[in-house]
Amino acid sequence: MNGLLDMIRGIGVKVLNSVRRMGRGHLFIFHTIMSFGIIFKEFSLLMKQLFSVGVLSVQIIAVSGLTVGMVLSLQGYNTLVDFGAEQSLGQMVALSLVREMGPVLTALLFAGRAGSALTAEIGLMKVTEQLPAMEIMAVDPYRKVIAPRFFAGVISMPLLAAIFSAIGVFGGYLVGVELLGVDSGGFWSQMQSKVGLYEDIVNGVIKSIVFGIVVTWIAVFEGFDAVPTTEGVSRATTRTVVNSAFAVLGLDFILTALMFGGA
Amino acid sequence: MFSKAKLEMTVGIFVVIGLAALLFLAMKVSSLSSFSGNDVYEVVAKFENVGGLKVRAPVMMAGVSIGEVNKISLDTSTYEAKVSFVLGGKYKLPIDTSASIFTSGLLGEQYISLEPGGDDAFLKAGDQIKLSQSAMVLEQVLGQFLFSKAAGDE
């Protein structure tokens, strides 16, 4: 009997904790967004974060984009050539990159490359009591630490996704046209006629902006909310990567259904 | 760590490359639907059956794309499909132009093909094309073929 009661109580504790965390998370994002003025006032703070969040991620994004584009082209060719439709290779590569692969893979890589670093950095600031020290000095950590990192992530993500897709299309071109001998004119013209600026490119950018907000939000919040111990920071970093991946994949399904699901 | 100037430089390059990638996607990879500017006019044609015709399907004359379908609906008074499509403003077509729905290749997508007539007057925005030929539905054609074959055997 007692065991059962304990179990029910355990469920209650879990639910309460997750609701509390959710509340903290939303208050946190609200505070962060309200401090957006800092990125205009102290532009150098944003600049520094754009460098460590955006510029340092370019390398892995570019390499992944190139290989994903090449692999898509290689595999797509094998299927399409059976139907004599290898001219549609460009369309297939570009559509899958712009609509799905670009935003989603960029977000996943971003969570691993930049998100984990953000969490660890902010978590360690908490462990070494830099955040409380700032508050004692009447410096708002939301403005000095959180907001520049958050907005740097939100700005970087669509740019990184665009780089990913563009390099991916180029990789697809290299393999499809240069290696497998698909007609270059057909490759580009099929692509252009079937990929729409608004329905595909703009929707892809919207996707990556949403992912940018969510992944960076998770990353900075996990760091800010980490238990201030060595173990707490390591757990928070793991949670950032895992939760970001779940959030990105789940949201991607919803966004895809909203954008491309209808007629 | 980098000096301030170098840091700003690399961030600047990053943003420029990102925007250039976006521009590349917008210009080279995708196309605005080319018949969405101001210089277009819309005409309507009614078909008994549009088969698999879709919005944004091309409208061709002599194999040249001169417009695209922008709306397909059912006319509830005649139970025919009402297809509206836009044509580029520079294409002036005789008023007795006829429209048919064809399939590009055996398994390709369907498109509207226009055949010019001989009238001196030109189609205006909002006009209806009177002569139309429905899409060929493979099942119907097969059915007719089998039916005529069976009738011939008797």
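Modeller: Buried area is the accessible area (1.4 Å probe) that two parts lose on being put together, summed over both. This is a predicted model, where local features need pLDDT of at least 70, side-chain atom pairs count only at pLDDT 80 or more, and totals for chains, interfaces and linings use all residues. Residues are numbered from 1 along each chain as its sequence is written, chains are lettered from A in the order in which they are written, and side-chain values use heavy atoms, without hydrogens and water.

Colleague: How much do chain A and chain B bury between them?

Modeller: About 2300 Å², with 81% of it on carbon and sulfur atoms. On the chain A side, A:F51, A:L159 and A:Q192 lose the most area to chain B, together 24% of what that side buries.

Colleague: How many residues does the contact take from each chain?

Modeller: Chain A gives 30 residues and chain B 25, with contact meaning heavy atoms within 4.5 Å.

Colleague: And how many salt bridges across the interface?

Modeller: The rule finds 0; it asks for a side-chain nitrogen of Lys or Arg within 4 Å of a carboxyl oxygen of Asp or Glu.

Colleague: Switching to helices. Which residues of α5(A) meet α8(A)?

Modeller: A:L89, A:G90, A:Q91, A:A94 and A:L95 do, against A:F187, A:Q190, A:M191 and A:K194 in α8(A). Helices here are DSSP runs (H or I, at least four residues), numbered from the N terminus.

Colleague: What about α1(A) on α9(A)?

Modeller: In α1(A), the residues in contact include A:R21, A:R24 and A:F28, and in α9(A) they include A:W217 and A:E222.

Key
Helix = DSSP H or I, 4+ residues; strand = E, 2+ residues; numbered from the N terminus.
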